[in-house]
Amino acid sequence: MTEQPPRSILLVCLGNICRSPLAEGLLRDALAVHGLQSDILIDSAGTGGWHAGAAPDRRSVEIARKHGIDISGLRARQVVPGDFQRFDLVLGMDGWNVADLRRSGPGGRIRLFMEYTLGREEDVPDPYHGEAEDFALTYRMIREASDALAARWAGRAASPPASGHASSTR
Ligand code: 4NP
């Protein structure tokens, strides 16, 4: 049976400039492959507000661009209390994010991204102080998770449908 997708998802990391904007772009793209992009509201935010108003980190913009996805127009914001009413599902990129979120919001809607998407109790590691390889790993983890989630919600196996997306850059 097809799992009923939530109507809205908030993707959360610490700064909302590296991991969660990438997740926002990749999950949108994965949903579009299955024609689900207009059914589910997707947004991202940070538990911290230091980068509020800033564009994503150029290394996240670059790795997304390399795979045909433009996230340069996104702007960082901090999680606000209203997010816990507004979003059906709040996914933290690592255990720290989840712990921070659970201090301010209802536990039931807050889950670890890799656990919710792939059943793996794993963090998407913070690449901020890392190198290009760290961003490449971030990309691969989020891509796999986003593709699996979109396929699950579409009631399909993980591979995109043959009639779907023509892009070869993913
Ligand atoms: P993100 O990465 O949580 O994936 O956006 C970080 C961005 C900024 C900082 C830490 C992590 N910072 O300390 O400013």
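## Ground rules

Contact here means heavy atoms within 4.5 Å. Helices (H or I, at least four residues) and strands (E, at least two) are DSSP runs, numbered from the N terminus. This is a predicted model, in which local features need pLDDT of at least 70 and side-chain atom pairs count only at pLDDT 80 or more, while totals for chains, interfaces and linings use all residues. Residues are numbered from 1 along each chain as its sequence is written, and side-chain values use heavy atoms, with hydrogens and water left out.

Leu 91 lies in strand 3. Leaving aside neighbours within four places in sequence, Leu 91 is in contact with Ile 9, Leu 10, Leu 11, Val 12, Arg 111, Phe 113 and Tyr 116. With a relative accessible area of 0%, Leu 91 is buried (buried means under 20% relative accessible area, exposed over 50%, partly exposed in between, using a 1.4 Å probe and protein chains only).

One of those contacts, Arg 111, is also the bridge partner of Leu 91 in strand 4. The two sit 20 residues apart in sequence, yet their C-alpha atoms are 5.0 Å apart in space.

Zooming out, four strands make an open sheet in the order 2-1-3-4, with parallel pairing. Its edge strands are strand 2 (41–46) and strand 4 (110–112), each of which pairs on one side only. From one strand to the next, the twist averages 25°. Two strands count as paired if DSSP finds at least two bridges between them.

Now the pairs themselves. Strand 1 and strand 2 run parallel over six bridges, and Cys 13 stands opposite Gly 46 in strand 2. Strand 1 is joined to strand 3 by four bridges, again in parallel; here Ile 9 has Leu 89 as its bridge partner in strand 3. Strand 3 (residues 89–92) and strand 4 pair in the parallel sense over three bridges, with Leu 112 of strand 4 as the bridge partner of Gly 92.

## What covers the sheet

Strand 1 (8–13) is mostly covered, six of its six residues being buried. Ser 8, Leu 10 and Val 12 point one way, Ile 9, Leu 11 and Cys 13 point the other way, and all are buried. Strand 3 is covered on both faces as well: Leu 89 and Leu 91 on one side, and Val 90 and Gly 92 on the other, are all buried.

As for the helices, helix 1 lies across strand 1 and strand 2, running at about 170° to strand 2. Helix 4 (residues 95–104) packs on the sheet too, touching strand 1, strand 3 and strand 4, and its direction makes about 170° with that of strand 4. For these angles, axes are lines fitted to C-alpha atoms, for helices over the stretch in contact, and angles run from 0 to 180 degrees between N-to-C directions.

## Helix 1 against helix 6

The axes of helix 1 (residues 19–33) and helix 6 (residues 132–153) come within 9 Å and cross at roughly 35°. Helix 1 brings residues including Leu 22, Ala 23, Leu 26 and Asp 29 to the contact, and helix 6 brings others, among them Tyr 139, Ile 142, Arg 143 and Trp 153. The contact residues divide into eleven nonpolar, two polar and four charged. In that tally, Ala, Val, Leu, Ile, Met, Phe, Trp, Tyr, Cys and Pro count as nonpolar, Asp, Glu, Lys and Arg as charged, and the others, Gly among them, as polar.

Helix 6 has 22 residues, so at 1.5 Å a residue it should span 32 Å, and its end C-alpha atoms are 31 Å apart, which agrees. The expected span is 1.5 Å times one less than the number of residues. Just after helix 6, Gly 155 takes a positive phi of about 75°.

Asn 16 lies in the loop between strand 1 and helix 1. Its phi is near 60°, a positive value in a residue other than glycine. Most residues other than glycine have a negative phi. Asn 16 is also buried, at a relative accessible area of 2%.

Ser 60 is found in helix 2 (residues 58–66) and is buried, with a relative accessible area of 0%. Not counting residues up to four places away in sequence, Ser 60 touches Ile 17, Cys 18, Leu 22, Ile 71 and Phe 135.
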